[in-house]
Amino acid sequence: MRIFVTGGAGFIGSALVRHLIENTNHEVLNFDKLTYAGTLSTVGRVASSNRYRFVQGDICDAEAVKAAIAEFKPDIVTHLAAESHVDRSIDGPGAFVQTNVVGTFTMLSETRAYWLGLDDEAMAAFRFHHISTDEVYGSLGDTGLFTEETPYDPRSPYSASKAGSDHLVSAWGHTFGLPVLITNCSNNYGPYHFPEKLIPLMIVKALAGADLPVYGEGDQVRDWLFVDDHVHALQAVFEKGEPGRTYNVGGNNEKQNIEVVKTVCAILDRLRPRADGQSYATQITYVADRPGHDKRYAIDASRIKNELGWEPAETFETGIQKTVAWYLDNQSWWEAIVAEHKADQRRGLSV
Ligand SMILES: NC(=O)c1ccc[n+]([C@@H]2O[C@H](COP(=O)([O-])OP(=O)(O)OC[C@H]3O[C@@H](n4cnc5c(N)ncnc54)[C@H](O)[C@@H]3O)[C@@H](O)[C@H]2O)c1
């Protein structure tokens with residue numbers, strides 16, 4: 001199949017692109033604006049494949065989207081391009097509304113116009129797959145899980161913009177009959193994660209001998225999923241999912257942020273011990289909590305398991321071990337990014 005991937009130079013999009021080129025016969029067009037969060041080094045090892053091509057473009061630019069779709073003639077659009085960092089959405093919500101809401105509207109409009117021109121068989125087989133987050137559901141108390149029926153209750157500008165985009169996708173399915181799929185996934189981690197996000201940020205700061213800033217008391221709970229498991233879930237959904245349906249994707253790995261940071265420190269202590277013999281955990285400092293910080297996210301992923309046979313292959317323990325080892329083995333990848341963003345003084349956990 002011909003798969004049009006938006007955001008394929010980012011963290012999850014690039015993992016999807018690498019997987020599709022290395023492990024399947026699908027053809028891929030990677031459509032990415034290359035914002036601060038996107039870098040082609042994430043897809044460097046597949047860039048020479050004759051089943052891969054790249055177009056630098058903005059999902060808000062209808063003409064650019066139209067031209068790329070017309071030229072590539074996709075069977076599937078997988079839409080990952082987004083502004084994705086909650087801290088940045090507090091400091092500057094406008095970009096999130098623009099890219100996540102207006103950009104998704106543009107993708108839907110141009111995809112629909114293309115889809116209407118297909119023959120009946122291709123129209124029926126076509127899929128528009130929107131990649132979203134569990135953050136649209138809001139925050140859980142100490143118990144309970146998000147199901148696909150949980151009402152939307154987004155609480156950050158990021159999650160509100162993703163909720164808005166989910167509603168648009170759903171509306172294009174109901175109103176125009178576009179065969180849409182939505183996945184709402186929990187927190188991902190793994191290789192090529194931009195080093196402003198919690199896990200890579202802690203690795204980078206630990207190795208630099210800097211403080212490891214943890215929001216509040218570090219007791220927020222997230223359900224961590226290794227990025228390659230997410231990629232396999234996405235493939236299961238766009239290949240076998242039922243149009244109009246939403247699938248929750250989660251790792252069954254609920255951890256408090258402080259547990260995550262301490263685990264990263266313990267692995268670093270083993271793999272790259274500090275010269276003074278002390279633990280990296282001595283660098284942990286607690287900083288003022290982020291406004292509106294959701295307490296707990298946890299996913300009930302039984303629909304995707306029962307209907308599509310997907311389950312995560314990694315536990316948090318195996319995935320985090322691989323992730324820390326990858327950052328140690330690929331220091332030049334993240335050092336270049338950290339150097340480029342040195343002057344970036346943003347809220348809280350900045351690079
Ligand atoms: N990271 C997670 O834990 C997580 C969890 C669930 C869902 N998601 C969703 O998955 C998707 C990918 O997340 P990620 O972590 O890989 O994000 P990321 O920030 O690493 O990558 C986003 C990519 O989109 C590109 N992009 C941004 N604006 C664009 C625009 N206007 N036009 C074209 N390209 C643009 C960037 O250049 C970048 O390559 C997002 O939609 C996000 O909401 C992420």
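Guide: Happy to. Let's start with Leu271, which counts as partly exposed because its relative accessibility is 38%, and that class lies between buried (under 20% relative accessible area) and exposed (over 50%), using a 1.4 Å probe and protein chains only. A word on the basis: this is a predicted model, in which local features need pLDDT of at least 70 and side-chain atom pairs count only at pLDDT 80 or more, while totals for chains, interfaces and linings use all residues. Residues are numbered from 1 along each chain as its sequence is written, and side-chain values use heavy atoms, leaving out hydrogens and water.

Leu271 belongs to helix α9 (residues 257-271); helices (H or I, at least four residues) and strands (E, at least two) are DSSP runs, numbered from the N terminus. Apart from neighbours within four places in sequence, Leu271 is in contact with Gln321, Ala325 and Leu328, where contact means heavy atoms within 4.5 Å. From Phe126, Leu271 is 145 residues away in sequence and 47 Å away in space, C-alpha to C-alpha.

Now to the sheet. It is open, has seven strands in the order β3-β2-β1-β4-β5-β6-β11, and pairs them in parallel; two strands pair if DSSP finds at least two bridges between them. Since β3 and β11 (246-249) stand at the edges with a single partner strand each, one side of each has no neighbour in the sheet. From one strand to the next, the twist averages 20°.

On one side, β2 pairs in the parallel sense with β1 (residues 2-6) over five bridges, and Ile3 stands opposite Val28 in β2. Between β1 and β2 the chain passes through helix α1 (residues 11-23), making a right-handed β-α-β crossover; right-handed means that, with the strands pointing away from the viewer, the path from the first strand over the helix to the second runs clockwise. Strand β2 also runs parallel to β3 (residues 52-56), joined by five bridges, with Asp32 opposite Gln56. For its part, β1 is linked by four bridges to the parallel strand β4 (residues 76-79), where His79 is the bridge partner of Thr6.

Asp32 brings us to the ligand. Among the 28 residues around the ligand, Ile12, Asp32, Ser84, Tyr158 and Lys162 come nearest; a residue qualifies if one of its heavy atoms lies within 4 Å. A ligand oxygen is 2.6 Å from an N or O atom in the side chain of Asp32. For Ile12, a polar backbone atom is 2.7 Å from an oxygen atom of the ligand, and for Leu34 a backbone N or O atom lies 3.5 Å from a ligand oxygen.

Ile12 also touches Asn188: setting aside neighbours within four places in sequence, the contacts of Asn188 include Phe11, Ile12 and His230. Asn188 lies in strand β7 (residues 188-189) and is buried, with a relative accessible area of 8%.

Definitions and conventions:
Axes are lines fitted to C-alpha atoms, for helices over the stretch in contact, and angles run from 0 to 180 degrees between N-to-C directions. A polar contact is a pair of N or O atoms within 3.5 Å; within protein, one must be able to donate a hydrogen and the other to accept it, and residues adjacent in sequence count only if both atoms are side-chain atoms.
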